Amino acid sequence: MDAAIPAHVPADRVVDFDIFNPPGVEEDYFAAWQALARPGGPGIVWTIANGGHWIATAGPIVRDLWADNRRLSSAVLAVTPGLGDVMRFIPLQQDPPVHQPFRMAVMKGFASRHIVALEPQVRAVARELVRDLAPLGQCEFTEQFAEILPLHIFLTLIDVPLEDRPRLRALGAQLTRPDGSMTVEQLRDAADAYLAPYIAERMAAPGEDLFSRILSEPVAGRPWTLDEAQRMCRNLLFGGLDTVVAAVGMAALHLARYPDDQAALRADPALIPDAADELLRRYPTVSVSRNLVEDVDVDGVTLNRGDIIYLPSLFHNLDATAFDAPDEVRFDRRLNATRHSTMGAGAHRCVGAGLARMEMIVFLEEWLAGIPSNRLDPAHPVRMKGGNVGACTRLPLRWD
Ligand code: HEM
């Protein structure tokens, strides 16, 4: 849906760029986005697509605005009309100071001792998947690995039946890459209907699972209300479903394209934790939306109160002013993970970052140990999709 251009938007900033479907995204998500940022070009543009909104394209601007929780609000959630009003995620859509006590409770649920305790299960699932795939000599990585491991782990974490995986996978993809088959209300209701019995059970008699741990933490000295519990569980359900699938897929794609990198990691598995960080930096797939709560002057334009701005993490991570030779994967960069924007910046930085990193490390270890040197399948091209979380939708791999 194209919109009229507001008077405060200079004509030379106007583009027609659909964030859900940038030209060429099917072949290469990153190239499709990078075509929007010309060296020496504007650091912010206004797209007429999807109702009209700003997009920050210069790395430092993406980063600064992302961390600016005073002048920019997270309430809007997405450029998808109505999605934010319907989802009301906790803590993702809350602004400081309301955000802080809820976030603290959620963070306690993700404390590192729980992540460490989960690692053997992640490894067991990864090893089993690899063991089944190895003799086949080929796989469609997205469906046969990437979509299974993180979902399996998330379902284990919240202690719900593993058979629910396909149902929840479909819901996750609808949130981040909507195909128009469900309204946002239907999507919320489907998530709530799924979660309702578990929430009721965990509020009445908390167990050891993630939701129980979080709901047992008081928020600002009082218990969670049912409405808040639903909004938080909804947030975790959607936050944990699609993002790791995308990250693991991008890492597998990189390894298949660069056999020397596979060989280096096989020769020295001690490099894997740094490689995981670097692959997360090099292949950022999440973009967020913010709404302006006051007018902001930046990059020679005024963003008006009420405008929406879209912040793609790839424009920060792949900006040559932010990172040396950013397109190159260098396992010896040893960047502090908070330096890049894959997991966000500021008050909302991902609460699942430790879990995601552990899953990435275990994936790399088990994949490289169990699958011989692998490559892309020239007969079946890679396919990608855009959206608030970009991803490989098809990643055919072969090995001898
Ligand atoms: C590689 C995987 C992941 C990536 C790339 C990722 C990325 C992000 C980003 C960019 C944000 C900031 C959003 C914003 O500023 O508006 C975020 C926040 C969040 N993520 Fe993740 N995430 C990942 C994995 C996970 C997992 C596994 C979970 C939970 C199981 C999770 C739960 C959340 C939650 C609850 C927030 C909101 C935090 C807050 O608002 O304070 N994420 N994530």
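A salt bridge is a side-chain nitrogen of Lys or Arg within 4 Å of a carboxyl oxygen of Asp or Glu. Good morning. The structure before you is a predicted model, and a search of the whole of it finds 26 salt bridges.

Let me begin with Glu228 and Arg222. Their closest N and O atoms are 2.8 Å apart, and the two residues form a salt bridge. Glu228 has a relative accessibility of 11% and counts as buried, whereas Arg222, at 33%, counts as partly exposed.

Salt bridges with shared partners also join Glu119, Arg123, Arg127, Glu365 and Glu366 into one network. Within this group, Arg123 pairs with Glu365, with 2.8 Å between the closest N and O atoms. Arg123 belongs to helix H5 and Glu365 to helix H16, so this pair ties together parts that are 242 residues apart in sequence. Arg123 is buried at 19% relative accessibility, while Glu365 is partly exposed at 25%.

I turn now to helix H16 itself. Of its 18 residues, 13 are buried, so the helix is largely enclosed by the rest of the structure.

Finally, which residue is the only protein donor of the iron atom of the ligand? That donor is Cys350, through its SG atom, at 2.3 Å. Cys350 is found in the loop between helix H15 and helix H16.

Definitions and conventions
Residues are numbered from 1 along each chain as its sequence is written. This is a predicted model: local features need pLDDT of at least 70, side-chain atom pairs count only at pLDDT 80 or more; totals for chains, interfaces and linings use all residues. Side-chain values use heavy atoms; hydrogens and water are left out. Donors are N, O and S atoms within 2.8 Å of the metal (3.2 Å for Na, K and Ca); water is not among the atoms, so sites may look incomplete. Helices (H or I, at least four residues) and strands (E, at least two) are DSSP runs, numbered from the N terminus. Buried means under 20% relative accessible area, exposed over 50%, partly exposed in between (1.4 Å probe, protein chains only).
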